[in-house]
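Keep the structure open as you read.

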Amino acid sequence: MTHRTLTRASALLALVTGSTLSPALAHDGQGPRPDGHAPAGVMVDHMHKAGEFMVGYRYQWSQFSGDTLRGTSSVDDHEIMHNGCGSHECSAKQSEMLMQMHMLDIMYAPTDWLTLMVMPMWMSMDMTMVPLEGAGHHGGGHGDDHGGHDGPHAHGTDGFSDVVFGALVALTDTPGAKLHTGLMVSAPTGSVSEKGSNGNFTHYMMQLGSGTWDFQPSLTYNGRMDRVSWGAQVSGIIRMEDDNDSGYRLGDVFQATAWSAYRLTDWLSASVRVIHTQQGQIEGHYNAGHNHSSPPDLQYNYGGNFWDVGFGVNTVVPSGLLQGHRLSVEWLEPIKEDVNGYQQERDGTL
């Protein structure tokens, strides 16, 4: 899951549809298979034959609305108020956040061993905050976008995010096993200067991009035998700049995932997947007015270690005018999280 560079890992519903314009993803002469692609949440998972062109649409939905965690343990409002904002007193906490991503997957293979790829994205994020009872509501002297509210209040951002582009290079390609590397780069086209109603920078996790040029390498293995297929991928996000125009840098990311799928019919397969994501905390801090009134305002309340299990289905149209079109859905269920600082836990829903 990974995709846009999220400031934390998230539960998601990933939806992918793809149309291949040219031989419809023929796999070793056997025709298109539903498990010819990895589960929906796996990016840069497959390559194409020379001359093939593919356009896909990917939708990702993620929500946070559980308890606030410190490490692996839930904490109460009293601890959040006195410890969640460092030397300042928190006046509010995050009660719910919804992230939505829309992405195009555009792929072209000039040769059998090279597939070129570009992925533009649009992000939409909405957060609801609630005041902490007994807090001073002074915002730590940095201006408070949450103080003065008697109840829950919401704010959001939306717009174009970072554009990811690069190449997938085949290393091994046999009838039963494929290995390729991804050499992708993320361009900082998403805004990192979004502000709240008081004119201060909004929470780091509400910005639309990373603001830095990022290298996104990956190594992906796919294997299959009869009706069973499997795969594994290791990937990372390496920030190639010390800070962005707003004065900070998101943490580097490492992810490892493995999956297995069973082909139920010629057009339908089911999959299960395990994922571990490790992300560093934010380095630096905003270089202009910003709040210190809730945990998402502090850069050390980001990153950590996250474990998920995914359940998915992949479908493909085997013949006719829509041959090669695919629809894939995956549900990721958080099973463990060990967060840096104070963060809201991820929902175990779609």
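This is a predicted model: local features need pLDDT of at least 70, side-chain atom pairs count only at pLDDT 80 or more; totals for chains, interfaces and linings use all residues.

Lys178 counts as partly exposed because its relative accessibility is 25%, where partly exposed is the range between buried (under 20% relative accessible area) and exposed (over 50%), with a 1.4 Å probe and protein chains only. Its partner is Asp173: the two side chains meet in a salt bridge, 2.6 Å from N to O. By salt bridge we mean a side-chain nitrogen of Lys or Arg within 4 Å of a carboxyl oxygen of Asp or Glu. Asp173 is partly exposed too, at 40% relative accessibility.

Residues are numbered from 1 along each chain as its sequence is written, and side-chain values use heavy atoms, with hydrogens and water left out.

The structure holds 11 salt bridges. One of them pairs Glu330 with Arg273, with the closest N and O atoms 2.8 Å apart. Glu330 sits in strand β17 and Arg273 in strand β14 (residues 268–279), so this pair ties together parts that are 57 residues apart in sequence. Strands here are DSSP runs of E with at least two residues, numbered from the N terminus. Both partners are buried. Glu79 and Arg70 make another salt bridge, at 3.4 Å between the closest N and O atoms. Here Glu79 is partly exposed at 22% relative accessibility, and Arg70 is partly exposed at 47%.

What does Asp347 contact through its side chain? It reaches the side chain of Gln63 at 3.2 Å and that of Ser65 at 2.7 Å, both polar contacts (a pair of N or O atoms within 3.5 Å; within protein, one must be able to donate a hydrogen and the other to accept it, and residues adjacent in sequence count only if both atoms are side-chain atoms). Asp347 lies in the segment after β17 (326–346) and, at 11% relative accessibility, counts as buried.

Over in strand β10 (residues 214–225) you'll find Thr220, buried at 0% relative accessibility. The Thr220 side chain makes a polar contact of 2.8 Å with the side chain of Gln233.

Key
Helices (H or I, at least four residues) and strands (E, at least two) are DSSP runs, numbered from the N terminus.
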